[in-house]
Amino acid sequence: MPFPSQRRIPLYLLLPLLLIAIGFNAACGAVPEAGPSAAPETVVIDVYIESDTNISDWWSNDLKPDFEATNPGYELNIIHTGGGGSGNGPIADRALAALETGDDPGADYFETFNPLRPIGAMEVGLWQEITVDNVPNLAGVIDSAMRSSTGFDIPYRGSQVLLAYNEDRLLQVLKEGGHIDADAEEVPSEFVPANWPELMTWVCAFPGEFIYPRPDTTGAGREFVTRAVFQANGLDPSRFSTEAYAAAYGSEELTADQIAEINEIYFSGAWDQLNEIEPCLYDNGTYPAGSSAETRLLVDDLVTMITIWSDQALQAKSLGLLPPNTRFIQLEDLPLVGGYASSTIPTNSSDLEGALVLANYLLSPSAQESVVRVIGGFPAISWDLLPSELLEDFNDVITDTVPSFSGSWRAAMFDGWYTFVAPDVERE
Amino acid sequence: MTPSGPKSLFAGQAAFGGLSSWRQVALGYLLVALPLVVMLTLIIYPASLSVFDTLTDQTPAGGLRFSLDDYRAFFDTPLAVTNLIFSLRITVITVIVLMLIGLPISLFLRFTQGRLSDIIQMLSMFPLFVPGIIAAYALIRFLGNHGWLDRFLHLLFGYEDFVSPYLRPAGIVVGLAWEGISVTVLILTAGLSQIPDPLLETAQDVGASRLQIFWRIVIPLMQRSLLIALTLNFLAVFGAFTIPYLLGPASPEMMGVYMRRTFYDANLPSRAQVQAVITFLISGVVSLLYVRSVVRQRVEEGI
């Protein structure tokens with residue numbers, strides 16, 4: 001019996017493998033756009049985006065060219081830190097460290113970031129205070145957008161989470177359950193939830209047909225959980241303002257006692273509701289990670305209803321990615337919270353002035369129109385400042401009531417959900 | 001390296017031969033200095049700061065005192081303990097699965113030649129080139145309900161009771177095993193290739209059966225590479241993030257996922273620090289096994 005001791009992979013076999021691998025890596029494409037070797041007078045503004053790819057695409061394809069055309073001398077360098085990356089957190093940590101040592105943070109603009117993070121950043125003045133003096137267009141921002149702002153961020157685009165359901169599948173489910181005649185062609189309206197209590201009833205009336213994702217992995221999960229919190233607090237979003245949080249808990253890291261207290265006072269009712277519907281959820285409480293994993297369940301005909309961002313829903317539908325008869329609904333008693341995405345600017349930015357020009361641009365009517373047209377979001381400035389034809393085109397989705405839930409409450413909410421809702425699912 | 005060795009063809013090497021021994025020692029330290037400095041400043045210094053942080057407490061007077069409160073809090077949190085035990089369990093299972101897959105493949109590759117083994121070798125190296133996140137999404141499509149596997153089973157065998165491992169603990173094991181095959185096979189084949197053919201042929205000549213050759217010669221001679229494969233896999237799996245995050249259940253979580261969530265999403269950095277130190281200690285014990293084995297080999301070989 002021969003014992004060949006040396007083995008070699010023939011080169012001709014290895015080559016295609018290598019090409020495939022390179023292709024995969026290129027397709028993965030987390031490579032930041034290279035900073036241009038610009039003419040000396042061009043100021044490059046480094047913009048960090050941790051939102052989903054529809055937002056980073058919008059920045060690269062629409063906002064960047066428009067901003068650079070209307071503001072000569074400035075150039076945007078878009079860096080996407082989301083979608084499998086670690087988000088803007090580490091970049092903010094670096095900016096804070098750079099502030100202490102007096103170095104260049106390498107970041108000028110955070111597309112979305114909560115200025116209460118990193119802990120202690122606010123106290124040492126990492127974030128630029130935003131006023132009408134340095135960002136004149138802030139004057140046009142509506143109250144509901146300003147409500148969640150700390151004064152150190154720029155709320156510039158609103159969105160809401162919707163419920164999306166596959167009408168064909170719902171029809172099938174209703175027929176199989178004997179709720180409607182076998183030859184019915186439309187879903188009677190009483191089988192489509194219109195408010196929160198109806199949704200809760202619906203979920204358990206059709207077990208396995210509804211799912212929401214983990215709250216910390218995408219807004220579609222976060223806002224659903226937030227809505228449950230509002231329900232448990234008398235539908236009063238004002239309880240969850242930035243000021244209320246700061247007054248009760250300051251800006252230090254929460255202690256174990258404080259965490260227990262927040263859950264007890266504010267969240268326990270929500271945890272009860274969510275635990276109650278848990279056995280009725282898809283696959284006995286399969287909480288997917290991220291919006292694409294959740295949307296797949298609707299697309300692959302595994303569930304009837306999911307939560308979804310309004311902007312992603314409009315985009316996915318126009319690309320034909322959703323089942324053909326997908327319908328969107330919003331709860332009528334209190335919409336699923338959307339809220340406004342807020343940008344922050346580090347004070348130690350090497351191009352602070354340019355970053356403020358960018359902030360002002362984002363609140364201009366032309367950028368705000370792009371928010372509505374391109375990403376299906378809501379403007380942060382009053383509709384009066386926008387072209388009237390826009391109002392006509394988007395009449396169906398317009399709402400002034402995007403209730404907001406201050407970012408400062410979120411951390412405790414995420415932690416509470418993982419402590420009180422997620423663990424009791426048996427998933428062996 | 002022996003300076004008195006035969007004169008090399010290369011001029012550079014010949015120059016080494018002329019160095020006095022203290023200069024050679026100095027050069028040796030100089031060469032390790034750079035990686036050592038990087039390790040000290042970027043890993044060991046910040047890591048020890050963290051460890052120090054978790055072991056101390058502010059006194060009311062503003063001073064520092066030694067305290068194990070943070071660790072007590074960790075072990076008093078049921079979720080934290082559940083996650084730690086879960087991580088250890090998943091790690092042990094995955095490492096065993098990797099051995100069960102990796103060992104037969106490496107043996108096959110060592111003792112056969114031809115087109116088939118070339119292809120198998122290539123396939124076993126393939127995961128090395130695929131980024132974790134791509135692999136995770138591919139596995140979701142493959143293993144998920146209504147995924148390819150589900151449909152194949154249904155079409156070919158009419159099997160309907162498919163339970164997808166996706167978003168279950170088994171999903172993590174499958175994903176991490178897929179990721180770890182390449183390294184396991186690489187290490188084990190390297191170990192196997194060091195077993196000289198004459199040894200095996202001799203054993204065969206004196207009438208040893210294949211099983212005897214395997215148990216009495218192959219396994220004892222590849223003990224070290226088995227140990228290395230075990231420890232490296234343990235470290236990779238125990239600290240994994242992407243696969244457990246995307247393929248695992250929402251709860252319990254692996255330590256990597258739990259730490260990240262505690263740090264960023266729950267905004268509780270000091271708790272994340274304690275979790276990290278505990279994870280680090282466990283990994284440290286295992287890496288000690290690895291380091292000891294490598295050092296012992298060096299000593300035995302007289303390097």
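Tutor: Start with two strands of chain A. Strand β4 (residues 154–158) of chain A pairs with β9(A). The pairing is antiparallel and runs over four bridges. Keep in mind that this is a predicted model.

Student: Which residue of β9(A) stands opposite Arg157(A)?

Tutor: Ala341(A) does.

Student: In what order do the strands of this open sheet stand?

Tutor: Three strands form the sheet, in the order β9-β4-β10 of chain A. Their pairing is antiparallel.

Student: Which strands stand at the edges?

Tutor: Look for strands with a single partner. Here they are β9 (340–343) and β10 (378–379) of chain A. Each has one partner strand, so one side of each has no neighbour in the sheet.

Student: How many helices and strands does chain A come to?

Tutor: Chain A has 15 helices and ten strands. Buried residues make up 45% of its 428 residues.

Student: What share of the contacts in chain A joins residues 24 or more positions apart?

Tutor: Take the contacts with a separation of 6 or more. Of these, 77% are between residues 24 or more positions apart.

Student: Now chain B. At what angle do helices α8 and α11 of chain B pack?

Tutor: Helix α8 (residues 169–193) and helix α11 (residues 223–238) of chain B pack at about 160°. Their axes are 9 Å apart. An angle over 145 degrees counts as roughly antiparallel. That makes α8(B) roughly antiparallel to α11(B).

Student: Is the crossing of α8(B) and α11(B) left-handed or right-handed?

Tutor: The crossing of α8(B) and α11(B) is right-handed.

Student: Which residues make the contact?

Tutor: From α8(B), they include Leu176(B), Gly180(B), Val183(B) and Ile187(B). From α11(B), they include Arg224(B), Ile228(B), Leu232(B) and Ala236(B). The residues of this contact divide into ten nonpolar, five polar and one charged.

Student: Let me try a single residue. Where is the place of Val286(B)?

Tutor: Val286(B) lies in helix α14 (residues 269–301) of chain B.

Student: Why does Val286(B) count as partly exposed?

Tutor: Count the C-beta neighbours. A buried residue needs 20 or more within 10 Å, and an exposed one has 12 or fewer. Val286(B) has 17 inside 10 Å, so it counts as partly exposed.

Student: Which residues is Val286(B) in contact with, leaving aside neighbours within four places in sequence?

Tutor: Thr231(B), Phe234(B) and Leu235(B).

Student: And how are Val286(B) and Ile181(B) placed?

Tutor: They are 105 residues apart along the chain. Their C-alpha atoms are separated by 20 Å.

Methods:
Residues are numbered from 1 along each chain as its sequence is written. Chains are lettered from A and ligands numbered from 1 in the order in which they are written. This is a predicted model: local features need pLDDT of at least 70, side-chain atom pairs count only at pLDDT 80 or more; totals for chains, interfaces and linings use all residues. Axes are lines fitted to C-alpha atoms, for helices over the stretch in contact, and angles run from 0 to 180 degrees between N-to-C directions. Angles under 35 degrees count as roughly parallel, over 145 as roughly antiparallel, 65 to 115 as roughly perpendicular and the rest as oblique. A crossing is left-handed if the near helix is turned anticlockwise from the far one by less than a right angle, and right-handed if clockwise. Two residues are in contact if their C-beta atoms, placed from the backbone, lie within 7 Å. Ala, Val, Leu, Ile, Met, Phe, Trp, Tyr, Cys and Pro count as nonpolar, Asp, Glu, Lys and Arg as charged, and the others, Gly among them, as polar. Two strands pair if DSSP finds at least two bridges between them.
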